[in-house]
Amino acid sequence: MTVFLLAALVFSSGCREKTHDDLIEKGMEAFRENQFVDAIRFFEEASQTVADQPELFYNLGLSYYRRGEFDSAEKAFQKALALDPAHLSAREFSAAIAIDRRNYGAAQTILRPLFASDLDKASRARVGARLAQAYYGMNRPDAAHAVLLSVNAQAPTDPVPAYNLGQLYMAKYKLLPEARDYFSLYLAAAPADDPQRQKAEASLSRIDGQIERLKTEQAKFTRDTVLAAKHLQTAAAAQRNRQWADAEKAFKDALRADPLSAEAGSGLAALLELAGREKDAFEAWQDYTRRIDPRNAAALLACARLGAKLKLYGDSIQPLTAYLARNPRDRKQIELMVSLLFNAQRKADARVWGEYYLSLMPENTPGFQAYADWVQTLPVE
């Protein structure tokens with residue numbers, strides 16, 4: 001998954017000697033000009049005379065990182081952290097090295113505590129983007145989803161989570177309208193020279209093409225709306241007379257006449273659920289969301305609710321994911337997602353969603369502390 005890299009920041013620091021000050025200044029100038037070999041040489045030489053300044057080792061590590069020399073960069077970042085364990089940027093880039101090496105578990109170990117700490121919005125967006133990338137690399141897209149929604153809830157106009165949500169919805173969940181919305185949000189918020197703009201514009205073009213192809217596929221259905229309407233009248237009369245079998249047949253006849261009839265699809269599913277045929281109702285709602293209206297909130301929630309009742313937890317997560325993509329602050333349904341993941345034995349992902357749920361809940365809400373305590377008992381991975 002594509003994410004933003006942290007901006008290259010070089011920090012000056014107080015110097016004890018003129019030669020040391022000159023070396024730092026020359027190193028910073030070389031870095032700004034992308035002359036990383038020279039920057040490394042100046043920073044290394046400066047570190048021989050003063051070895052107690054974390055910013056110096058951070059600058060050195062960043063220079064090595066830009067050169068792709070990850071072993072040397074990691075050593076420099078570790079020296080910075082030994083001098084200043086709270087050095088945020090050194091921790092971020094240590095995690096970035098782990099991600100570049102595809103050691104996603106190590107990256108998660110570094111980033112989770114940072115993400116839970118008291119960060120400003122911009123820093124939290126960066127850390128969240130990296131943490132989501134780590135989760136995605138660990139084949140935990142649902143955890144990545146929760147992290148990105150959490151960042152977006154705090155900073156809804158920040159281009160970082162917007163871009164990454166667009167990528168996630170397009171590449172993993174195939175939620176094309178939602179992906180389009182977030183790429184559009186990114187383009188509205190990102191600087192004109194941002195390197196991701198071209199990719200976002202290309203993604204929008206692909207999404208528009210895919211949406212048009214889906215519309216073309218739908219247009220291939222043979223639809224007799226007049227005949228479907230007659231069958232729907234028959235279904236309504238049968239329901240009034242409590243002739244459930246006749247009503248079911250009429251709804252199915254209406255769907256054969258018009259496979260895209262929302263009234264027939266939802267009517268059949270509701271009738272089956274009313275009759276206590278929950279498995280059949282679940283399948284009818286699934287059919288509705290797949291063929292008739294993939295974004296219908298009531299249908300998506302019906303799938304999730306019935307699937308949970310039938311203990312089809314894995315099948316319930318997908319429609320609830322689609323619902324939450326458009327309703328990301330619906331706490332009741334986020335709580336349902338936590339329950340589904342927990343019962344599907346995906347307890348680490350349940351914890352991430354539980355943390356997102358808690359981030360939306362005022363701390364004085366009854367039951368807040370008990371729920372927070374329970375979330376803390378769930379495994380991290």
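**Cores and overall form of the predicted chain**

In this predicted model, the largest nonpolar core holds 68 residues, of which Y169 and W353 touch the most other members. A nonpolar core is a set of buried Ala, Val, Leu, Ile, Met, Phe, Trp, Tyr and Cys residues joined through side-chain atoms within 4.5 Å, where buried means under 20% relative accessible area with a 1.4 Å probe, protein chains only. Apart from this core lies another, of 27 residues, including M28, Y58, F77 and A96. With neighbours within four places in sequence left aside, the contacts (heavy atoms within 4.5 Å) of W353 are D142, A143, H145, A146, L149, L324, I334, M337, V338 and L341.

Residues are numbered from 1 along each chain as its sequence is written. Local features need pLDDT of at least 70 and side-chain atom pairs pLDDT 80 or more, whereas totals for chains, interfaces and linings use all residues; side-chain values use heavy atoms, without hydrogens and water.

The secondary structure consists of 20 helices and zero strands, counted as DSSP runs (helices H or I, at least four residues; strands E, at least two). The chain is more spread out than a compact globule, because its radius of gyration is 27 Å, well over the 21 Å that the globule rule gives for 381 residues. The radius is taken over C-alpha atoms, and the rule is 2.2 Å times the number of residues to the power 0.38. Along the principal axes, the C-alpha atoms fill a box of roughly 95 × 45 × 30 Å.

Buried residues make up 48% of the 381 residues. Of the contacts with a separation of 6 or more, 56% are between residues 24 or more positions apart.

Note on methods: Buried < 20%, exposed > 50% of the residue type's maximum accessible area, 1.4 Å probe, protein only.
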